[in-house]
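Q: I would like to go through this model and ask what stands behind each label. Please set the values against the definitions.

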Amino acid sequence: MKFIVSSSALLKQLQIVSGVLNSNNSLPILDNFLFEINENEITISASDLETTMTTRLAVEAKDSGMIAIPAKLLLDTLKAFPEQPLTFTIAENFGIEISSDFGRYNLTGQDASEFPKTPAIEDPSVMKLEAFMLASAIEKTIFASGNDELRPVMSGVFFQLSSEGSTFVATDAHKLVKYGRVDAKSDKSASFIMPKKSLNLLKNVLGSISEEVSLEYNDTNALFTFASTTLVCRLIDGKYPNYEAVIPKENPNKLTVERTAFLNAIKRVSIFSSKTTHQVRLKVTGSELTISAEDIDFANSATERLTCQYEGEDMEIGFNSRFLMEMLNNLRSEQVNLAMSAPNRAGILTPVEKEDDNEDVLMLVMPVMLNS
């Protein structure tokens with residue numbers, strides 16, 4: 001079995017699917033890429049049992065067949081080549097010879113029949129959405145998802161699809177992001193929890209794609225198809241928490257401030273905060289916002305003042321500076337609103353001007369108790 005392929009084209013496709021690979025796999029076969037050669041096209045797959053990513057590439061081939069090729073060895077080899085055609089010759093004992101302009105390289109593959117089969121999605125519901133919409137939904141939410149293995153439902157992003165639009169939610173119980181799009185419509189109402197790893201893989205690829213993404217899903221799996229790539233993953237099983245109940249409806253104290261100035265002030269002040277709580281204190285009086293932090297153990301402290309617009313009673317509230325910075329980094333507007341009701345209730349951060357009229361972003365951050 002033999003095929004000829006461009007070294008840089010092959011490397012590019014392998015880098016797309018290589019994000020699926022784990023450093024410690026339960027099955028040795030998962031350390032390999034699966035190559036399926038079929039009439040001038042190869043299909044390359046990588047899997048970790050939960051997620052399988054597949055991409056297609058044009059090659060010169062007269063034969064058809066399958067082989068599993070060691071992933072790390074092949075990637076390292078291709079990275080060391082300038083652009084040139086490579087000839088892969090595969091023997092019946094799974095021996096692989098790669099011929100280039102420079103020489104020959106021999107490695108041993110594995111029996112492709114041991115590679116896990118990609119799960120078929122039975123009786124799926126189908127939805128089409130633009131790549132930029134899905135990329136934006138992932139980027140705006142994924143940072144707020146949790147890492148707690150005891151609460152797996154919070155370690156993904158909650159997709160709520162309907163004929164009026166779609167909502168994407170992520171939370172780790174300290175922060176929450178709700179991202180809505182009125183232009184991402186589904187014929188059928190549905191909801192499911194997508195795992196973080198699969199979403200990160202999608203996010204890395206979708207930025208360079210201009211066409212539509214097809215999403216097929218049922219109760220257990222979701223399949224994304226775009227360009228020459230497919231990604232199929234197992235959904236997170238469980239019931240997502242009632243996030244609407246956490247969002248305070250009445251927030252009479254409204255602060256409007258320039259986003260970049262606010263972000264940079266928090267960055268500087270938080271250097272002097274406690275290394276365990278990362279707490280910054282926001283004190284609003286009239287049109288002045290005072291941001292302060294202190295680390296009592298080391299007698300470090302910092303204070304900055306910003307001008308702002310404010311409606312409501314004077315108040316002091318404490319937040320984890322890391323969470324505030326993550327949120328401000330993921331907003332794009334020049335000005336942001338921070339709506340609050342009381343020092344022990346969540347603050348709600350929203351952009352003043354929308355990046356896109358079809359989207360709606362709400363970020364919620366829980367306060368931390370102030371040391372008096």
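Q: Which residue stands opposite Glu97 in S8?
A: Thr89 stands opposite Glu97. The model is predicted, so local features need pLDDT of at least 70 and side-chain atom pairs 80 or more, while totals for chains, interfaces and linings use all residues. Residues are numbered from 1 along each chain as its sequence is written, and side-chain values use heavy atoms, without hydrogens or water.

Q: How do you know that S7 and S8 pair?
A: Strands pair if DSSP finds at least two bridges between them. S7 and S8 (residues 95-99) have four bridges, in the antiparallel sense, so they meet the rule. A strand here is a DSSP run of E with at least two residues, and a helix a run of H or I with at least four. S7 and S8 form a hairpin with four residues between them, and Phe94 in the turn has a positive phi of about 70°.

Q: What joins S1 to S7?
A: Five bridges join S1 (residues 2-6) to S7 (residues 85-90), and the two run antiparallel. Val5 has Leu86 in S7 as its bridge partner.

Q: Why is the pair of Phe81 and Tyr105 called edge-to-face?
A: Rings of Phe, Tyr and Trp (its six-membered ring) pair with centres within 6.5 Å; planes under 30 degrees apart are stacked, over 60 edge-to-face, the rest tilted. The centres of Phe81 and Tyr105 are 5.4 Å apart and their planes stand at 75°, so the pair is edge-to-face. Phe81 lies in the loop between H2 (71-79) and S7, and Tyr105 in S9 (residues 104-108), 24 residues apart.

Q: Why does Phe81 count as buried?
A: Buried means under 20% relative accessible area, exposed over 50%, and partly exposed in between (1.4 Å probe, protein chains only). Phe81 has 13% and therefore counts as buried. Tyr105, at 28%, counts as partly exposed.

Q: What makes the pair of Phe168 and Tyr179 tilted?
A: The ring centres of Phe168 and Tyr179 are 6.4 Å apart and the planes are at 45°, so the pair is tilted. Phe168 sits in S12 (residues 165-171) and Tyr179 in S13 (residues 175-181), eleven residues apart. Both Phe168 and Tyr179 are buried.

Q: How many disulfides does the rule count?
A: The count is zero, where a disulfide is a pair of cysteine sulfur atoms within 2.5 Å.

Q: Why is Cys233 called buried?
A: Cys233 has a relative accessible area of 1%, so it is buried. Cys308, at 9%, also counts as buried.
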